[in-house]
Amino acid sequence: MGSLGSSLSIAVQSLNAASGSLQATNNNIANANTPGYTRQVPILEELAPVNEGNFSAGSGVDLKGYQSVRDQLLQTQIQQETQAQSGANAQLASLQQIQPTFTTSTQDIGTEMSALFSSISSLSTNPTSSTSRQAVLTAGQNLATAFNTASNTLTSQQSGLNTQVSQDVTQINQLTQQIAALNPQIAELTSSGKDGGTLQDQQNQLVLQLSALTSVSVTQGTDGEELSTGNGMPLVVGSQSFSLQTTTGSDGMTHVLDQNGTDITSSLTGGDLGGTIQTRDTTIPGLLGQLDTLANQFGAAMNAAQAMGYDQNGNAGQNIFTIPATVAGSAASIKMAISDPTLIAASSDGTAGSNGNLANLSAVQTTALPAGQTPGNAYASLVFQVGSLTSNANAESTATTASLAQLNTQLSSVSGVSIDEESANLITYQQAYEAAARVVSTIQELFTVTMSMGTAAAE
């Protein structure tokens, strides 16, 4: 009886092990298309044999639990590539909205600048023509408007990115709270020797979403995953999360503060937040600076040329354009200083029919400004820079997308569910279950026969 009892115990353990393995396999198949799911494998352990003298008898197998198949290195690489991809996409999205302003059209700065010098050339053939003089004023106003529009586009885009910064910070705080809430639950499982399983998958997905927003460093602490920003400021430690804050700085921009109120805006990199801040605080100010310099120096050059001649009233030429005393804001505020066609200083000697000073006004087109380039070349350089920045962001976005796809494929081959493999496992574990069940059935029959033999002997 003792021998049959031991055999029954071994068979039941085998039955439970096969049943548990079938559950894991079925769960894998059911979640084959679940984003972030990591396949689980049963952990089967051979029990210590029973030794009686020189005889050793096996004690069967035991299901110790389940283990998720993970590759932490690949997971980390995916997080890093996600940060780079989101950062590039954020910059690309902003630049694609800016780029149309600096492409050739009927109203861009380059076209309007050419139109202004063309109208000055036409005026030189008939300097007393009121129609030709008005055409110069109209062309000048169109150019000023083109500068205003380009500047407003850049500043509007910059202001819009303030909203994106605030939204990103809100999402970061929500994600860190959820990640911190999962830490004690996962720690409780792992401390008892169990696998994090679904909870760990959920946390990995949350960390991946966080990586899409900002650069984060992930380390494994005693109380679960610890997360910090690129500059080392903690975001999650154990069950505690540290919220970021936003405030409007003296520059009118939305700044990000850590839990102590320290401004960490400039140190935030990667992800949508890092890409947004990079565009808002570096790329756009750089373009605005060049645009303001061009507007200011061009306006000053035209005013200087105007001052060298005389208007139709015989008076010294006065400023054509109104520009601020400082370079900053010149593109946004440049405008025509005169609206009377007779005030164009076409004459070089004060006589009404003279066109001598129009040569000085036309020369501005081919004379280098203090920045070192002619007006046309300076604008062309600005257009080239916008195009180059957009192209670079697009190239980085494409490259990181391809790299991310490759990494996800590698991770899927390790942690993902293969229906073919799981189907084969299903057959294997089902056969093991049937075999164990057959042993149990056989032992039950033996028990019945033994009991019947005992009853017959008693009679």
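**Exercise 1. Which residues have the most contacts inside the largest nonpolar core, and how many residues does this core have?**

Solution. The model is predicted: local features need pLDDT of at least 70, side-chain atom pairs count only at pLDDT 80 or more, and totals for chains, interfaces and linings use all residues. Residues are numbered from 1 along each chain as its sequence is written, and side-chain values use heavy atoms, with hydrogens and water left out.

Step 1. A nonpolar core is a set of buried Ala, Val, Leu, Ile, Met, Phe, Trp, Tyr and Cys residues joined through side-chain atoms within 4.5 Å. Buried means under 20% relative accessible area, exposed over 50%, and partly exposed in between (1.4 Å probe, protein chains only).

Step 2. The largest such core has 44 residues, and F147 and M302 have the most contacts inside it.

Step 3. Two or more residues come from each of α3 (109–125), α4 (130–191), α6 (271–307), α8 (358–363) and α9 (375–415). The helix that gives the most is α4, with 10 residues. Helices here are DSSP runs (H or I, at least four residues), numbered from the N terminus, as are strands (E, at least two).

Step 4. A second, separate core has 24 residues, among them V165, L210, M233 and L244.

**Exercise 2. Which residues does M302 contact, leaving aside neighbours within four places in sequence?**

Solution. Contact means heavy atoms within 4.5 Å. With those neighbours left aside, M302 is in contact with L116, F117, I120, I320, F321, L361 and V364.

**Exercise 3. At what angle do α2 and α5 pack, and which residues make the contact?**

Solution. 

Step 1. Two packed helices are described by the angle between their axes and the distance between the axes. Axes are lines fitted to C-alpha atoms, for helices over the stretch in contact, and angles run from 0 to 180 degrees between N-to-C directions.

Step 2. The angle between α2 and α5 is about 30°, and their axes are 8 Å apart. Angles under 35 degrees count as roughly parallel, over 145 as roughly antiparallel, 65 to 115 as roughly perpendicular and the rest as oblique, so α2 is roughly parallel to α5.

Step 3. Q75, I78, Q79, T82 and Q83 of α2 meet N204, V207, L208 and S211 of α5.

**Exercise 4. Is Q83 buried or exposed? Is A371 buried or exposed?**

Solution. 

Step 1. Q83 is found in helix α2. Its relative accessibility is 8%, so Q83 counts as buried.

Step 2. Not counting residues up to four places away in sequence, Q83 touches S211, T214, S215, V216, G270 and G271.

Step 3. A371 lies in the loop between α8 and α9. At 59% relative accessibility, A371 counts as exposed. Neighbours within four places aside, A371 is in contact with T293 and Q297.
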